[in-house]
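Open your viewer and keep the selection tool at hand. Each stop below says what to pick and what you will find there.

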Amino acid sequence: MTSFDDELSRRNFVKLLGASMALAGLDGCSRMPGEKILPYVHQPRELTPGIATHYATAMMLDGFATGLVVESHEGRPTKIEGNPDHPASLGAAGIFEQASLLQLYDSNRASAVRSAHAPTGWEAFSEAFSPRALRNHVGGHGAGLALLLEATSSSVIADMIATLKGLYPEAGIHYYSPLARTEASIPQYDIRAANVILAIESDFLAAGPMQLRMSREFSDRRREPSADMNRLYAIESAVTVTGSSADHRFRCRPSMIQPVLAELYSLLGDASVPAQRAAERSYGGITSSALRVIAADLSRHKGQCLVIAGERQPPSVHALVAAINEQLGNTGRTVWRIRSPLLGAGDGSFSIEALAGRLRDGAVDTLICIGGNPSYNTPGPLQFDGAFRKVRNTAYVGLYENETGQNAKWLVPAAHYLETWGDGRAYDGTLSVVQPLVQPLNGGKSAVEILAAVCGVEKSPLALLRESLGRTGLVGETAWTDAVRRGFVVGAAAPRIQGPTIVVPTAAAPEKTDHIDVTFAADSRTHDGSFANNGWLQELPDPVTKLTWDNAAHLSPATAARLLVGSGDTVLVRTPASSIRLPVLIVAGHADDSVTVHFGYGRRGAERLAAGVGTDVFPMWPATGAFVSSASVDRAVDAGQHTFAITQSHWKMDGREQAKSETLRSYNARQATFKPDDHPPPSLFKGEPPPAAVKQWAMTIDLGLCTGCSACVVACQSENNIPVVGKEDVEKSREMQWLRIDRYQDGTEENPEFIAQPMLCQQCERAPCEYVCPVGATDHSPDGLNEMVYNRCVGTRFCSNNCPYKVRRFNWFDYNAEISETEKMAKNPDVTVRERGVMEKCTFCVQRIREKEISAEVAGTPFLGSSVVTACQQACPTRAITFGSLTEPESEVMRQREGPRAYNVLDELGTRPRVRYLSRIRNANPALDTEQ
Amino acid sequence: MPALFPRWTNTAVRTVLISLAVVLPGVPISVMAWQRTPGATGSGYSPDQPVPFNHLLHVTDFRIDCRYCHASAERSSVAGLPPSSACTACHNEVWSNSIALAPVRQSLATNRPVAWNRVNRLPDFVYFNHSIHVAKGVGCETCHGRVDRMSQVVRTAPLTMQWCVDCHANPGPKLRPVDEITVMGRAVGADQVALGDELVRRYKVRRLTNCTTCHR
């Protein structure tokens, strides 16, 4: 990730030039170095060298589990995929789950137990925190002991906490993850049953513990344009993936959400809530007349519609939304509640505020902090960090020596979830098993092992887990084996419960409007900062803004103009808690008079990649943990221009219609007269018809289903060994992702329509790149792949210049030479690791094609095109990507290719791409639609 | 006007021009020729191994099948090397105290693998798959040579791309029935042309010479 920082003098340049010329010829003379083969001592029965094995496991994020299947090569996890049977995954995997692989191999992980900066070893820790030693300090009842854990739903942790409470009845137990839900009961949704969905500041398609399932359910009602299509309205301040996928998106100031809902509530028929029904009001984007249309649409689908409030909205908003769902008869049909499986949910005594209070009172002698990063990710006014440092004895158990780890007296490296046994609940309550794939790389310890040491329990984490699961009803060897094999317990979703009594808040008069609303949002890539040291995620363009390696103050164009700032200028955001300088990023479609800031940057820990990236906004987060606050925003005149590394600079299609979108009405009209076009446009390039005897690979991407969530980008990066280049190189457009998601905006700057378009090598039948390569390094295969041969490439970059889709990537530096030895273990052994000076691009996951092809031929079974699943296709939560062979007329890809929605991007060039897109269909409400 | 250059320069220019005409194409040609010699390809390479395992003895005298040790050749991309425990399956009984087998015993005692020296090595950008070659009737001998006569394994093939492509472009002459895969010293009869054509049909052998057959 470094580049040549030093200015090269002319003299040095000539010297280097001479030396490299002289040595260049010798490069080919070296004999390949000798290599060792290390067979097993005892070969495990389930393992055949060269054949990958797959294990079910689960990852916890904010306390909830997502079921995964992890691919392992000779005991080395290399790829994380979704578990098709797990209710929170359904086969898809989000960006955090997939990128957690890189975290496992991160060379910055904490590697040794230390006490006061001296390495001590695990024995010293378990001795110092054993009941015998600890009692002397924390008192017989443990009044001086406090534990802080990440939000968790694990039964084995719950049991260990119970054991601990038996030992130390007065010990304080606290749970904290900044973005975790804390209510006692959590809403569950059946998106598939909803004809009309209204999302209120909710990014249910791309964030939260159930996003993968909800995306699938949402898309299942949109696969075919028909009267059965669902309709999504979104009312939001910042632009989210959900909002930009909505049929109708309305902007709204965050502080206006409650008045909007109050008006909607009264429109739907309860007159007890005062609302200015007569007066036409505007709530900073959405107007009363639009609300009336939405209310009418919702009323038409009573019991079959759904209103979703963002999980971080205040309780009053949730109460109003619950009341509206009740009014619409949705409760029990499209929405119901279960008891939150999170430990301590709904009880303030388990909160971090309670712990901060105890720390301030000096009541805590020993604080054990397992996971999380409270010194960084707590609200500034809580002053947790200062209180933490004053505690006599602190221990931090974490993956990294982060802000909290640096301040703790003891540091214990934590085990990654792929290194330890554990369990947790999915958002719907399904019991999921965390199965390790490797021994802890750095001797890390799991939360269970720490708790066992503190309780003086001498049992292995596996034994403790089996005991706990036995108590939940998982009895017997068969049940246990089945649960481990599947990764979860079938049919173990939590029972529905009666929600809390809904108290409809009487609409408060709209607050004074001279301030600016500030919204604290989870970052799409670093979440709450816990993924900040992950190169794949730092370099993943934000689904909406395409920003990498940074965070910013998001402002609407009008507000930015009012504040006399442009993108890259610095503003001073002042909240009652604190004031922070942030660079401005103007986001079309953002609500006026509000600013959105993102957690997860400005890290100060020992993580090398995360250090110095972006700005920390936790200090200005109100102590209450409210995600919306009021602020003043002023231009900081003395600051220079900030440079963002944004991967897309132009957002308009300028009439070329690369990403097509139409309303359901216009599609229906067009479809009636649709005839497939058998005459491809003329091509400048010569080409022969492909042989029919072999497969002809092709892909379709449904723009109506693609939300732009970017799971495919990370899947591709992981599958194809794509390097991370760093911020400076992204600024120079040298990012390496083979699959990018282009984003287009249509309409006004204030309220544009968005469309996301995954763009990858189109595998043109008449590929312009192939004709210009002087060394034949890119060529066409009989099965219709545009092949890229790295070992032939000499790096002229002619191919990239001639590619109209700009999907070829060039290795400007030897990015892979700079990664650590452990990170090399994350590489897919089936794909070549490219070096400097080599062009690369999407191969349609040719390694997966060949693997399936070979195994079918060896087994003598028919080889079906549908048996090949590309990495992007596999990760996609909405199944927008279809892959298959044109030689199979019955295949899904053929059906889609020949349908009325299919089109080629830049068709007029005559490249005849093998990737076809299906135009997006907006199920627009005619009452709101301005388009005819 | 006197001559601008002395007479000897004529010879000098001629000499230089002729040697340039020889050297300019000559250097690359000799480099390319050298690249194909066994010295450059590594054909004939036979490193000493930590255990002097004798294929001649085990294959010819004891008639142990190749797949007893190279167990995954039919299923996986790699043929596999035997785990240390496979050696002691027999060598617990015979030669159990042999000095030659000390590394194997040590491997089992310390749970560290025996570090064999690779003989047949392909570059990292080449993805060779044993199972498909076995399934299509390419015998062990075709690439690995007469292993049954090797007391110490020698690389017999140049493993150059040309060598691979020769067979990929015209596989027939090198094929044999699948049940004779491990046969060493199989006689190539006059009917090999006809047999090759028949096997190409029977095993549906394709002429795969496109790049992603091997480079991914």
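Predicted model: local features only at pLDDT ≥ 70, side-chain atom pairs only at ≥ 80, totals over all residues.

Residues are numbered from 1 along each chain as its sequence is written, with chains lettered from A and ligands numbered from 1 in the order in which they are written.

**Stop 1: chain A.** Select the C-alpha trace of chain A. Along its principal axes it spans about 85 × 80 × 65 Å. Colour by secondary structure: chain A has 28 helices and 40 strands. These are DSSP runs, helices being H or I of at least four residues and strands E of at least two, numbered from the N terminus. Of its 932 residues, 55% count as buried. Buried means that 20 or more other C-beta atoms, placed from the backbone, lie within 10 Å of the residue's own.

**Stop 2: the core.** Pick A:I200, A:L261 and A:V573. In the largest nonpolar core, of 264 residues, these three touch the most other members. Such a core is a set of buried Ala, Val, Leu, Ile, Met, Phe, Trp, Tyr and Cys residues joined through C-beta atoms within 7 Å. Helix α15 (residues 447-455) of chain A gives the most to this core, eight residues.

**Stop 3: helix α11.** Select residues 352-360 of chain A. Which residues of this helix are buried? They are A:I352, A:L355, A:A356 and A:L359. They lie on the same side of α11(A), because they cover an arc of only 100 degrees around the axis, taken from the directions from the helix axis to the C-beta atoms. Finish at A:G362, which follows α11(A) and has a positive phi, near 70 degrees.

Conventions. Buried ≥ 20, exposed ≤ 12 C-beta atoms within 10 Å, placed from the backbone.
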